[in-house]
Amino acid sequence: MSILANKDTRVVIQGGQAGVNAARRMAEFCYLIKRPLSVEAFVYPPDAGKTNEIPYGSGLIAVPIYKTIAEATKNHPAINTSLVYIGADRAMKGGLEALDDSHIKVVSMITEGVPEKDAKILGAHARKLGKVFNGPSSIGIISAGSCRLGVIGGAFDNLVLSKLYREGSFGVITKSGGLSNEIIWICSQFADGITTAIGIGGDAYPGTDYVSYLEMFENDPQTKAVVIVGEMGGDLEERAAEWYGAKKRRVKLIGVVSGFCQESLPKGMKFGHAGAKEGMKGEGSARSKSDALKKAGAIVPPTFGALGPAIKETYQEMLKSGQVKEIVEPTSLPKLPKTVEEAMKADEVIVAPLIRTTISDDRGDEPCYDGYPASELINKGYEIPHVIGLLWDKRLISKQEAEIIKRIMMLSADHGPCVSGAYATILAACAGIGLSQAVAAGLIMIGPRFGGAVTDAGRWFKYAVDNKMTVEDFLAYMKKNVGPVPGIGHRVKSLRNPDKRVKELVGYVKSLHIKTPCLDFALQVEQVTAAKKDNLILNVDGTMAAVLVDLGFPVDSLNGFFILSRTIGLIGHWVDQKRQDSRLIRLFDYLVNYAAPKRREVPPLK
């Protein structure tokens, strides 16, 4: 048997991520004892309607999230226990909500820093309703082989080492969460382990005291002895001693109280827990509590280190008297499955990668681009164009090449508000759309008619150069097989009104006296096409394409230069509209040619 938590305990957890972490620990215990997950629901209003996926063995269990306790218990009527992981300022409201639900009999509050007034109200309300309120500041409750509430008991390995997979004979009540795990372990090493261990929390006014739990253990035939770990401050230990000494008890009581160091320190100091504070006249001192327990007939070891031997001696006496029997340990226990990462680290599994990357690695202290640490690139004077070279072409481009790319990006960063990409971003901004979505709207416009000609121009200029075609052969081939030459032609610019961006880029590249076969060929094509029609000039897309192919960049990456640089302008247009607090745009009627039929009568439906 056990108290408070047993095989019939079904749990709702109130709270967010901390509650999810507790559920994961509880699932580990359920897996160890081969029981279904005890957590049936969460209550966390911000995520109501969703689920939390809790690992159980090698699988996942989807646990629903509700807005209120009432919704959770309506959908899961077996729920009888609540764990509260709500912030201190809202904990009382959550605790009262759970206590007021007719399904719930036990509420354990893990929250720390709950105001003393709130704790008193919760405790009194629970007693009025005949329910149990444990905490605040509780690490939880665990019944060996049956149920775990919270993270008490520690990690999976410690659950096994503490033999929590099966019942023992010792009950445990502590104020300290850390010491609760220690006492559980001691009971498993010096005796046969525990029935139930309860962390009542270290606040000055816990919802339930030692006496209430001692009464429960006294009525539990499986529990033969109880270990309580007290500390200075308050009178819970004195009341426990008074209870134990009032009449002969079935359970043996072993008590240890921490805080004898107080005798060497100034009176009134507080130690860790809110309730660990000795009175100015010595009330609630560790020594007075220990003396009270001894006087009541409890076993009180002289030091904490002597607790283990005292538990062992008590256990041996119970064995001799036949109160308990030697426990036969199971031959095997479930092992918690390893994560893929853990198994790979231990060289126990081979996993086929889902994707393969050859350009970057961020698994260390910082990202490495094609093997080069980002910070070293910065500190040695490399710039954005060099990063583009590493990530797009897997090579560290020269300073000269980087300058060309920088100029390409600067010259193509924006082309005013009227081009389709900028206009789409402006429309979105005026409609109140966020930055990323508005810029994406502009980027979607990039295609064969707006900026998307860079890759196609590079592909066909390269095709001509690689195949040693003449301009005439190239134009004939394009007319027959492809159509208009990408990168040639402009709606506004012409020989009489040249594109200064093209002249700037061509002039700079030529001044470097580097080999530019694609650019030379594109300029030759321009001479022929512009002679036929003066706006069939080499445009900025075609110029960028030819230069980038000459620099050795993959043809399929060329549109990326336009996308990257034009994004700068699109962001600028979005920010500009937001700065002006621009309103929603609607086309004026006079900008639309309404070519639809005139208004007419709808015929009868046949």
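Predicted model: local features only at pLDDT ≥ 70, side-chain atom pairs only at ≥ 80, totals over all residues.
Local features were taken only at pLDDT of at least 70 and side-chain atom pairs only at pLDDT 80 or more, whereas totals for chains, interfaces and linings use all residues. Residues are numbered from 1 along each chain as its sequence is written, and side-chain values use heavy atoms, with hydrogens and water left out.

The protein chain contains 22 helices and 16 strands. Helices (H or I, at least four residues) and strands (E, at least two) are DSSP runs, numbered from the N terminus. The radius of gyration is 38 Å, well over the 25 Å that the globule rule gives for 606 residues, so the chain is more spread out than a compact globule. That radius is taken over C-alpha atoms, and the globule rule is 2.2 Å times the number of residues to the power 0.38. Along the principal axes, the C-alpha atoms fill a box of roughly 115 × 70 × 55 Å.

Of the 606 residues, 48% count as buried. Buried means under 20% relative accessible area, exposed over 50%, and partly exposed in between (1.4 Å probe, protein chains only). The accessible surface of the chain is about 31600 Å², and 56% of this surface belongs to carbon and sulfur atoms. Areas come from the Shrake-Rupley method with a 1.4 Å probe; for residues, only the protein chains shown count as cover. Contact means heavy atoms within 4.5 Å. Among contacts between residues at least 6 apart in sequence, 72% join residues at least 24 apart.

Strands β8 (residues 140-143) and β9 (residues 147-150) run antiparallel and are joined by four bridges. Strands pair if DSSP finds at least two bridges between them. Ser 143 stands opposite Cys 147 in β9. Three residues lie between the strands of this hairpin, where Gly 145 takes a positive phi near 75°.

The loop between β7 (132-134) and β8 holds Ser 137. Pro 136 lies in the loop between β7 and β8 as well. The peptide bond from Gly 135 to Pro 136 is cis, with omega near 0°. Ser 137 counts as buried, at 18% relative accessibility. Apart from neighbours within four places in sequence, Ser 137 is in contact with Met 109, Ile 110, Thr 111, Glu 112, Gly 113, Gly 201, Gly 202 and Asp 203.

Pro 136 is also one of the residues touched by Tyr 205. Tyr 205 sits in the loop between β11 (194-199) and α7 (210-218). At 38% relative accessibility, Tyr 205 is partly exposed. Beyond residues up to four places away in sequence, its contacts include Glu 116, Ala 119 and Lys 120. The C-alpha atoms of Tyr 205 and Glu 326 are separated by 39 Å, with the two residues 121 apart along the chain.

Helix α9 (residues 286-295) has Ala 286, Lys 289, Ser 290 and Leu 293 as its buried residues. Seen down the axis of α9, these residues fall within an arc of 100°, so they line one face of the helix. The arc is that of the directions from the helix axis to the C-beta atoms. An α-helix has 3.6 residues a turn, so residues three or four places apart point the same way. Cover for the buried residues of α9 includes β12 (225-231), α8 (236-246) and β13 (252-258). Just after α9, Gly 297 takes a positive phi of about 100°.

Thr 314 belongs to helix α10 (residues 307-321). Thr 314 is buried, with a relative accessible area of 2%. Leaving aside neighbours within four places in sequence, Thr 314 is in contact with Phe 170, Ala 225, Lys 252, Ile 254 and Ile 299.

Positive phi values also occur in residues other than glycine. Leu 4 has a phi of about 70° and lies in the segment before β1 (11-15). Leu 4 is buried, with a relative accessible area of 16%. His 513 has a phi near 60° and lies in the loop between α19 (500-511) and α20 (517-532). His 513 counts as exposed, at 74% relative accessibility.

The structure holds zero disulfides, a disulfide being a pair of cysteine sulfur atoms within 2.5 Å. For Cys 430, the nearest cysteine sulfur is that of Cys 418, 13 Å away. Cys 430 is buried, with a relative accessible area of 7%. Cys 518 is buried at 3%.
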